[in-house]
Every structure is written in C-alpha cells, then in structure tokens.
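Good morning, and thank you for joining this meeting. I would like to present a structure that may be new to some of you.

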Amino acid sequence: AQLSDTLAKEIGEGKVSINMEPRGLVVSLKEAAFFPPAGDRIEESAYPILQKIAASAARIPNKILLEGHTDSTPIHNDRFRSNWDLSTARSIAMLTLFGDRFSLPLSRMSVAGYADTVPVSDNATAEGRQKNRRVDVVFLNEFGLRSQPGKAPPPSAPKATVAKPSPLVP
C-alpha cells in the first residue's frame, strides 16, 4: 500500500503498475518510460521513479528479482542478437543502477531475461506489444524464494534422501 501511494502519479500516468502475485509484489516498469526503443540504457528522466522504488526496497529485507521482458517482434542489431539479449540487458541495467546509484546490495538482487515468453497482453496488437515490453521488479516473498537458487529448505522440511543407483546391466 505504501509503494502504491508513493507511485500513485506514475501509476496514473501508465508508467508503472503494481500487482500482488503468489511469488511477491511485482512492480512493472513500462518500457516507454524507462528505455529507448530497442535499447538498454535507462532514461535519466526515469531516475526519480526508480529512486522511489529503491527507497522502498531499502526499508524491507526481501530479495529482489529483476525480470526483463520484450514483445514478439524479432530484434537483431549491432548490440542485440535477439530479444533474449535485450531483455536480459535491461534487467542487468536495472541491477547496476539500483546497486551503483541507489546503493541497494547486489547480494539481494538477481536478474532474469524472458524475451517474449511471458507476455501480459496479446502481441498481435501494437497496444499489446507495448504492454509486453517491460522490466518487472519482483519483491520476492517466502513462496517466491523457493524457486530461487541457494535457498535452504526450512528446518521443518524432511531431509532429502539420495537413492543408491542401481548397477548398470550390459
């Protein structure tokens, strides 16, 4: 609720959306407000918005997953061979900015690039493609952390046993 209040203007302008998902709080950053077309350099005009998100992140201990997403229009230029490259480069740009400029610990963050594999709208329309071009800042909850590497099972979980391999039969 606090982040929604803080970002009310940006939400109203369509630059940002906030949704609660089973894995945690997802802040979607719309491409047009944060990146040039087919680029991974964060627009300086977006820094005040990102500072609000970073300030909120600094007040909570949650791990943060930065996910890059594209539409289904193929890209191939001197910088990016594919939408996979572009989506991952954008999430890395966010990681770098949050770490370097806003001093969030890199150890709390991870990145992922999904290209066009997780659309939120139909790629058959210009409006749909625009919605699909985004970076999602995911504040992971305990459920969301379960799918992340390096998370130890809770103490109450039964210990895994390793089955002894059976001998190979020629």
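I shall speak about charged side chains and then about aromatic rings. Please bear in mind that this is a predicted model.

Let me begin with the charged side chains. Side chains of opposite charge can pair when their charged atoms come close. In this structure there are 13 salt bridges. One of them joins Arg79 to Asp40, with 2.4 Å between the closest N and O atoms. Arg79 sits in the loop between strand E3 (64-69) and helix H5 (83-100), while Asp40 sits in the loop between helix H3 (31-34) and helix H4 (47-58), so this pair ties together parts that are 39 residues apart in sequence. Arg79 is exposed, at 54% relative accessibility, whereas Asp40 is buried, at 16%.

Two further pairs deserve mention. Arg41 and Glu43 form a salt bridge at 3.9 Å, N to O; Arg41 is exposed at 52%, and Glu43 is partly exposed at 24%. Arg81 pairs with Asp85, their closest N and O atoms lying 3.3 Å apart. Here Arg81 is exposed, with a relative accessible area of 62%, and Asp85 is partly exposed, at 24%.

I turn now to the aromatic rings. How many aromatic pairs are counted? The count is one. The ring centres of Phe98 and Phe102 are 6.3 Å apart and their planes meet at 50°, so the pair is classed as tilted. Phe98 is buried, at 1% relative accessible area, and Phe102 is likewise buried, at 17%.

Technical notes:
Residues are numbered from 1 along each chain as its sequence is written. This is a predicted model: local features need pLDDT of at least 70, side-chain atom pairs count only at pLDDT 80 or more; totals for chains, interfaces and linings use all residues. Side-chain values use heavy atoms; hydrogens and water are left out. Rings of Phe, Tyr and Trp (its six-membered ring) pair if their centres lie within 6.5 Å; planes under 30 degrees apart count as stacked, over 60 as edge-to-face and the rest as tilted. Buried means under 20% relative accessible area, exposed over 50%, partly exposed in between (1.4 Å probe, protein chains only). A salt bridge is a side-chain nitrogen of Lys or Arg within 4 Å of a carboxyl oxygen of Asp or Glu. Helices (H or I, at least four residues) and strands (E, at least two) are DSSP runs, numbered from the N terminus.
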